[in-house]
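Please go through the helix packing and a few single residues of this model.

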Amino acid sequence: MGSEARAHVANNSGNFEWYTPPHIIAAVHAAMGGIDLDPASCAAANQIVGAGLYYDSEGETLPWFGRVFCNPPYNSKVVRKFAARAVRHPEVTFLCNNATETVAGQMLLERAGAVCFLDGRVRFLDASLQPAKTPLQGQMVCYWGPSVEMFKLAFDNLGSVLKR
C-alpha cells in the first residue's frame, strides 16, 4: 500500500455532535407516531426532532418515558452509556454507527425488533443545522417496541430493514 491518506473511522474529526437530518426524523415520526423524549439533544437539534421533551446533558441518567428517539454523541463511551440505558426502555429508535462488533452495537442488535442499515452514509447536520461532511462510517437505526411493522414501512426506502 502507498502512503496516500485513506478514510477510516480512526481519522474522525473529533466532533461528537451530529444532528439528525429531517428525512430520518420523518421516518421516526412515521414509525412511532411521534417522539416523546430525545435524551441526547439540544434546542437546535430539537427544531428538527420535534420531541415533546429533550435533555441536553446527562440524558442517559435522567428519567425516560414514552416514545424515545436517541442519536447520542458519537463517542464510543457515550454511545455505550446511552445504549445500556436504552435497552431497558420499552420503545426506542436508536441511531448510531453500524459498528456491530462493539459492545453497544451488540446490545442494540440483541434488543432490536428491527434494524435499518441505512443506504450510504448519513449526511448529518452541524450546529447551525447545515449539512456537515459525510461521516467515515455507515449508520444503523435500531427499533424495539410495539410498532415493528410501522418501522419497517417507514424505513424501507432508507435502507435494508431486517426484523426478528
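Predicted model: local features only at pLDDT ≥ 70, side-chain atom pairs only at ≥ 80, totals over all residues.

Q: At what angle do the axes of α3 and α4 cross?
A: Helices (H or I, at least four residues) and strands (E, at least two) are DSSP runs, numbered from the N terminus. Axes are lines fitted to C-alpha atoms, for helices over the stretch in contact, and angles run from 0 to 180 degrees between N-to-C directions. The axes of α3 (residues 76–86) and α4 (residues 103–111) come within 9 Å, and they cross at roughly 20°.

Q: Is α3 roughly parallel or roughly antiparallel to α4?
A: Angles under 35 degrees count as roughly parallel, over 145 as roughly antiparallel, 65 to 115 as roughly perpendicular and the rest as oblique. The crossing angle is roughly 20°. Therefore α3 is, relative to α4, roughly parallel.

Q: Which residues make the contact of α3 with α4?
A: Contact means heavy atoms within 4.5 Å. On the α3 side the residues are V79, R80, A83 and A84. On the α4 side they are V103, A104, M107 and L108.

Q: How many charged residues are in the contact of α3 with α4?
A: Ala, Val, Leu, Ile, Met, Phe, Trp, Tyr, Cys and Pro count as nonpolar, Asp, Glu, Lys and Arg as charged, and the others, Gly among them, as polar. The contact of α3 with α4 has seven nonpolar and no polar residues. The number of charged residues is one.

Q: Why do the buried residues of α3 line one face of the helix?
A: Buried means under 20% relative accessible area, exposed over 50%, partly exposed in between (1.4 Å probe, protein chains only). In α3, V79, F82, A83, R85 and A86 are buried. The arc is that of the directions from the helix axis to the C-beta atoms. The buried residues of α3 line one face because, seen down the axis, they fall within an arc of 160°.

Q: Which exposed residues does α3 carry on the face turned away from its buried side?
A: The buried residues of α3 are covered by elements including β3 (68–70), β4 (92–97), α4 and β6 (139–144). The face turned away from that buried side carries S76, K77 and K81.

Q: Which residues of α4 are exposed on the other side from its buried ones?
A: In α4, A104, G105 and L108 are buried. They cover an arc of only 100° around the axis, so they sit on the same side of α4. What covers them includes α3, β4 and β6. On the other side, the exposed residues are V103 and E110.

Q: Is α1 roughly parallel or roughly antiparallel to α5?
A: α1 (residues 22–32) and α5 (residues 148–155) have axes 8 Å apart and pack at an angle of about 150°. Therefore the direction of α1 relative to α5 is roughly antiparallel.

Q: How many nonpolar residues are in the contact of α1 with α5?
A: From α1 come I24, A27, V28, A30 and A31, and from α5 come M150, F151, A154 and F155. By class, no polar and no charged residues take part. The number of nonpolar residues is nine.

Q: What arc do the buried residues of α5 cover?
A: V148, F151, A154 and F155 are the buried residues of α5. What covers them includes α1, β4, β5 (114–118), β6 and β7 (159–163). They lie on the same side of α5, because the arc around the axis is only 125°.

Q: Is G159 buried or exposed?
A: G159 is in strand β7. Leaving aside neighbours within four places in sequence, G159 is in contact with C116, F117, L118 and D119. Its relative accessible area is 10%, so G159 is buried.

Q: What is the phi of E58?
A: E58 lies in the loop between β2 (53–54) and β3. E58 is a residue other than glycine with a positive phi, near 60°.

Q: Where does L129 lie?
A: L129 is not a glycine, although it has a positive phi of about 65°. Its place is the loop between β5 and β6.

Conventions: Residues numbered from 1 in each chain as written. Heavy atoms only, no water.
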